[in-house]
Amino acid sequence: MDEMLLLTRILLVGFICVLLVSSGLTCGPGRGIGKRRHPKKLTPLAYKQFIPNVAEKTLGASGRYEGKISRNSERFKELTPNYNPDIIFKDEENTGADRLMTQRCKDKLNALAISVMNQWPGVKLRVTEGWDEDGHHSEESLHYEGRAVDITTSDRDRSKYGMLARLAVEAGFDWVYYESKAHIHCSVKAENSVAAKSGGCFPGSATVHLEQGGTKRVRDLSPGDRVLAADAQGRLLYSDFLAFLDREPGAPKRFYVIETRQPRARLLLTAAHLLFVAPAHNHSQPEPGPGPARSRALFASRVRPGQRVYVLGEGGRRLQPAAVHRVSLREEASGAYAPLTAQGTILINRVLASCYAVIEEHSWAHWAFAPFRLAHALLAVLSPSASLPEAEPAPPGLHWYSRLLYRLGSWVLDSDSLHPLGMAVPAS
């Protein structure tokens, strides 16, 4: 049996590679899938503009303040010096403090340094403020954690600063602010923050409907369960539960809470998870049916009050659009689980959701998991009496197939195609 499981994994990986290569051959040069990439037109930030358009220390940006780091604190080891010769550090204190930063901040800064030299030959990136050990910034500033930098260009040409801010966004900083006429402020998430590892999941206490009747908590699902889902046209059906794409028992997570009134429903899911939103309804035309084929899948973090999601109607026989009444944030410690069904959809707490996350294209994600579904089907035919690897208690963490797809997606797709709170993948 172990040999068959190994062979299945090898076939899966091989199938993915063939699909990627074949798509690459039909798409022309570049890393994109499906169309030829063109250089992105960059628009400078306006004075006092910040991206993303939320407060710096919120989930959708750099996350909450986690405490000041001093030279004799245990967390000082989280900071690493940056000796990149392509970056000028002002270091007016002559202590080297401006060179100290978290690894994530260092990676983004180094990427930005390359962009600056490409944008303006002969010009370098200049850092005026980095880690602050002297208390020169406001209370709870991310400078105290080495998670923020203030930057200019080496020629101090202020006409370049709007574009410098845009380049910082493109380099992957989690929050960029055209804060002052004299500098741009950039910051990143904490290495171990809840926000940086939110993934795409539901809380373990969420419920699903079973084919044999009744409901079951998501955390208690096991292969062999058939749960309520919907096909591409929105028709309700029961679909096989295959595996958890992510499973973190007892982990504290911050969830978006999506609430409707008519019908009344309440769904919790992480920022990067996909939720089906109904198209705007033109009252002069018939209401389009529910389902992935007729709706748009949005990241939970992008769902707004007034938009409509699909909720199981009274009697439990059909889905109906329900206006979102309120969107809020809530932290829970009931664990985080990402169930995968053969259909790629699932009804959680009576709300239709995608099984996928991180990329805002349900159909692409479902296509990417086709080899996984095929492997399950083949294994069931070739060895019907054998248990699938997921039939035994799955180890906590990200499923190996999800990890593989995320790494491939990070290589094939632009970084802005993936949700910034996507998933934490261990370094190889």
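Leaving aside its neighbours within four places in sequence, which residues is Thr128 in contact with? They are Lys90, Asp98, Asp150, Ile151 and Thr152, where contact means heavy atoms within 4.5 Å. The model is predicted, so local features need pLDDT of at least 70 and side-chain atom pairs count only at pLDDT 80 or more, while totals for chains, interfaces and linings use all residues. Residues are numbered from 1 along each chain as its sequence is written, and side-chain values use heavy atoms, without hydrogens and water.

Thr128 belongs to strand β5, residues 125-129. Strands (E, at least two residues) and helices (H or I, at least four) are DSSP runs, numbered from the N terminus. Thr128 is buried, at a relative accessible area of 11%. Buried means under 20% relative accessible area, with a 1.4 Å probe and protein chains only.

The largest nonpolar core holds 67 residues. Such a core is a set of buried Ala, Val, Leu, Ile, Met, Phe, Trp, Tyr and Cys residues joined through side-chain atoms within 4.5 Å. Val208, Leu275, Leu340, Ile348, Tyr356 and Phe369 have the most contacts inside it. Strand β22 (residues 351-357) gives the most to this core, six residues. Apart from it lies another core of 29 residues, including Leu112 and Val188.

Helix α6 spans residues 400-412. Its buried residues are Tyr401, Ser402, Leu405, Tyr406, Gly409 and Val412. Seen down the helix axis, they fall within an arc of 135°, so they line one face of α6. The arc is that of the directions from the helix axis to the C-beta atoms.

Note on methods:
The expected span of a helix is 1.5 Å times one less than its number of residues. Buried means under 20% relative accessible area, exposed over 50%, partly exposed in between (1.4 Å probe, protein chains only).
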